[in-house]
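Hi,

Here is the structure I said I would pass on.

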Amino acid sequence: MKTQKFTLEIDEDDEITLGLVRLVKEVPDYELFHHLNVLNPFKFTRITDLIYHGKHYDHYFPRFQSFHHDTKICILFIANHSSHSIQKSSPIELFNTETDTKCLLENYPDVNYLITTSEPFDDFSLILLPENLMFQIQDFQLSPIEELYQLIQYYE
């Protein structure tokens, strides 16, 4: 008996709009989200980490979630840099590119957090930003063919 293969059909038009958050200076997570919670009517709380399963390491990325009161939209902050990793196996390759630290967006190491929402909307201005801590949020289109897209969809 043959094994049946299942493929996930994805519309090429279903891009996700992410917000890229860059901090002016390094601050701990708890301090940044304290300032965000003071300024906004909705409150962010830490939820289970997003886990990226690599070949030799499992990388953990902190996530913070809140719900907007009026629109009931879920707002999710995901750290771009892994907070910690667990080594699963020792690399035996000579030129191993996997390290114990990882960025979700490898081409944007200066980004501290990614913002995604439960409903597609392109305006992150609903979130009041703390002065002198964050730069303006930059929009970023994430294509369905990228691995990060699949990972975010899995954790939704």
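The largest nonpolar core has 19 residues, and Phe77 and Tyr113 have the most contacts inside it. By nonpolar core I mean a set of buried Ala, Val, Leu, Ile, Met, Phe, Trp, Tyr and Cys residues joined through side-chain atoms within 4.5 Å; buried is under 20% relative accessible area, exposed is over 50%, and partly exposed lies in between (1.4 Å probe, protein chains only). H1, strand S4 (74-79) and S6 each supply at least two residues of this core. Tyr113 touches, among others, Leu20, Leu32, Phe33, Phe64, Phe77 and Ile78, leaving aside residues up to four places away in sequence; a contact here is heavy atoms within 4.5 Å. Apart from that core lies another, of 18 residues, including Ile16, Leu20, Leu114 and Tyr149. As a rule, nonpolar side chains in soluble globular proteins tend to be buried together.

Before you go further: this is a predicted model, so local features need pLDDT of at least 70 and side-chain atom pairs count only at pLDDT 80 or more, while totals for chains, interfaces and linings use all residues. Residues are numbered from 1 along each chain as its sequence is written, and side-chain values use heavy atoms, with hydrogens and water left out.

On confidence, the mean pLDDT (the predictor's confidence in each residue, from 0 to 100) of the protein chain is 84, and 87% of its residues reach 70 or more. Helix H2 (residues 147-155) has the lowest confidence, at a mean of 84, and H1 the highest, at 94.

As for the fold, the protein chain has two helices and seven strands, running β-α-β-β-β-β-β-β-α from the N terminus on. These are DSSP runs numbered from the N terminus: helices are H or I with at least four residues, strands are E with at least two. Of its 156 residues, 43% count as buried. Among contacts with a separation of 6 or more, 71% are between residues 24 or more positions apart.

Now the charged pairs. How many salt bridges does a search of the whole structure find? It finds four, taking a salt bridge as a side-chain nitrogen of Lys or Arg within 4 Å of a carboxyl oxygen of Asp or Glu.

- Arg22 and Asp110 meet through their side chains at 2.7 Å, N to O. The pair links distant parts of the chain, with Arg22 in the loop between S1 and H1 and Asp110 in the loop between strand S5 (84-87) and strand S6 (113-117), 88 residues apart. Arg22 counts as buried because its relative accessibility is 16%, whereas Asp110, at 44%, counts as partly exposed.
- Lys88 pairs with Asp58, their closest N and O atoms being 3.3 Å apart. This pair also links distant parts of the chain: Lys88 is in the loop between S5 and S6, and Asp58 is in strand S3 (residues 57-67), 30 residues apart. Lys88 is partly exposed, with a relative accessible area of 43%, and Asp58 is buried, at 11%.
- Asp49 pairs with Arg46, with the closest N and O atoms 2.8 Å apart. Asp49 is buried at 15% relative accessibility, while Arg46 is partly exposed at 46%.

Back at Arg22, the residues it touches include Tyr108, Val111, Leu133, Met134 and Phe135, again not counting residues up to four places away in sequence.

Cheers
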